[in-house]
Amino acid sequence: MKWSEVPEPDLAYAPRMYTCLRATEALELDGRLDKPFWAKAPWTEDFVDIEGDKRPLPVKRTRVKMLWDDDYFYIGAELEEDEIWATLTERDSVIFQDNDFEIFIDPDGDTHQYYEFEINALGTVWDLLLVTPYRDGGPPVNGWDIRGLRTAVHIDGELNNPAAVNRSWSVEVAMPWDALKECAAHGRPPVAGQWWRVNFSRVQWRVEVQEGEYRKVTDPATGRPYPEDNWVWSPQGVVNMHYPELWGYVVFEDGEALATGQMAAMQGNGQELRMQPDAAWAMPPDERVKWRLRRLYYRQREYYARHGRFTDDLTLLARGERELNGPELRIETGTGLFRIAAPSAEGAAIYWIREDGRCWREGGDDV
């Protein structure tokens with residue numbers, strides 16, 4: 001197999017974190033987030049551009065709440081919007097051709113076998129499973145569905161009516177663990193204290209009103225719509241959501257409310273609570289180990305794209321960065337293959353990464 005280049009993201013490694021609390025009651029889905037079910041769930045940080053600080057902040061706010069129980073992973077999203085429109089009505093359409101809200105979930109954090117979910121303001125859904133990221137050969141499994149999925153959309157305004165006073169649209173999603181556990185470690189839902197890798201995206205197209213309808217603005221130079229904006233919870237540093245290693249950490253907690261110390265790290269705004277970075281959780285040291293390997297993987301793929309082979313010379317990949325070289329690292333190459341190893345933070349295990357981007361742990365306690 002010939003391997004393509006995988007651009008190295010241009011940002012410091014600092015994924016967002018969210019403490020996901022236990023739901024205290026059953027959810028009656030109507031798309032509204034101003035009800036008791038969501039009251040104790042904090043908001044995430046407002047979304048930023050997918051490239052992070054390189055780009056201006058989004059002009060319309062997007063934020064999310066999360067909860068969980070024994071049956072579901074609950075997600076509520078609020079999208080500020082004065083132009084509420086949607087056109088696609090058939091399930092598993094390419095929903096991001098409309099403005100949409102998207103969810104990405106990698107249960108075991110190895111960047112392989114993860115889920116993507118998209119929904120537009122009509123409530124039309126596209127759910128799929130990725131065996132590997134597109135950069136690593138894909139493929140997407142469009143025929144995979146989230147069995148037992150429940151969704152609802154609420155519109156504060158009027159859909160597809162430019163004359164209406166539009167303020168926002170909001171989404172509620174209940175994803176059953178029975179479907180999500182398929183790609184999880186040990187084939188089970190999360191347990192208290194465990195984290196999954198999760199991210200959210202909002203696709204936003206430029207539109208104008210023509211003959212009383214919203215239509216995408218066309219670039220005269222190309223005859224095609226201008227590229228969409230991509231606004232996300234945890235920035236990617238590259239215009240590509242399919243870098244699961246950069247998604248946020250959602251930590252599942254058993255409590256129904258945050259502890260006093262955690263509450264002190266939250267900001268209150270009237271009756272709203274907003275999650276603050278690293279409010280209740282520190283990234284495990286081994287995540288830095290995996291990121292170190294990930295950066296070498298990007299550079300190996302770049303090297304292959306330029307030279308038609310992988311190198312066994314770490315000095316070439318490190319480019320003078322001490323963190324990416326050292327006697328504790330081990331590299332092995334073959335025809336169209338490579339793998340690189342680094343010791344875990346405590347030294348009792350080894351982490352490996354290979355040419356298709358999969359990163360895994362050998363030895364030590366099972367984590």
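Which helix gives the largest share of the lining of the largest cavity? Select helix α3 (residues 285–307), which supplies 4 residues of that lining. Helices here are DSSP runs of H or I with at least four residues, strands are E runs of at least two, and both are numbered from the N terminus.

Before going on, a word on the model: it is predicted, so local features need pLDDT of at least 70 and side-chain atom pairs pLDDT 80 or more, while totals for chains, interfaces and linings use all residues. Residues are numbered from 1 along each chain as its sequence is written, and side-chain values use heavy atoms, with hydrogens and water left out.

**Stop 1: the cavity**

Now show Y13, G109, T111, R197, E245, E287, K290, W291 and R294, the residues that line the largest cavity. They divide into 2 nonpolar, 2 polar and 5 charged; Ala, Val, Leu, Ile, Met, Phe, Trp, Tyr, Cys and Pro count as nonpolar, Asp, Glu, Lys and Arg as charged, and the others, Gly among them, as polar. The volume is about 90 Å³, and a search of the whole structure finds 1 cavity of 30 Å³ or more. A cavity is a set of points on a 1 Å grid over the protein atoms alone where a 1.4 Å probe fits but cannot get out, and lining residues have an atom within 4 Å of a point. Points are joined across faces, edges and corners, and the volume is the space filled by probe spheres set on them.

**Stop 2: salt bridges**

Next, pick R22 and D70, whose side chains meet in a salt bridge at 2.9 Å, N to O. R22 lies in strand β1 (residues 17–22) and D70 in the loop between β3 (62–68) and β4 (72–80), so the pair ties together parts 48 residues apart in sequence. The rule asks for a side-chain nitrogen of Lys or Arg within 4 Å of a carboxyl oxygen of Asp or Glu, and the count comes to 39 salt bridges.

R22 is buried at 18% relative accessibility, whereas D70 is exposed at 58%. Buried means under 20% relative accessible area, exposed over 50%, and partly exposed in between (1.4 Å probe, protein chains only).

Move to K60 and E81, a salt bridge at 2.5 Å, N to O. Both K60 and E81 are buried.

**Stop 3: a hairpin**

Finally, select β22 and β23, which pair in the antiparallel sense over 4 bridges; pairing needs at least two DSSP bridges. Y351 stands opposite R361 in β23, and the side chain of R361 also meets that of E346 in a salt bridge at 3.3 Å. In the turn of this hairpin, G357 has a positive phi of about 90°.

Note on methods: On a 1 Å grid over the protein atoms alone, a cavity is a set of points where a 1.4 Å probe fits but cannot get out, and a pocket is an open set with protein on both sides within 12 Å along at least five of seven lines; lining residues have an atom within 4 Å of a point.
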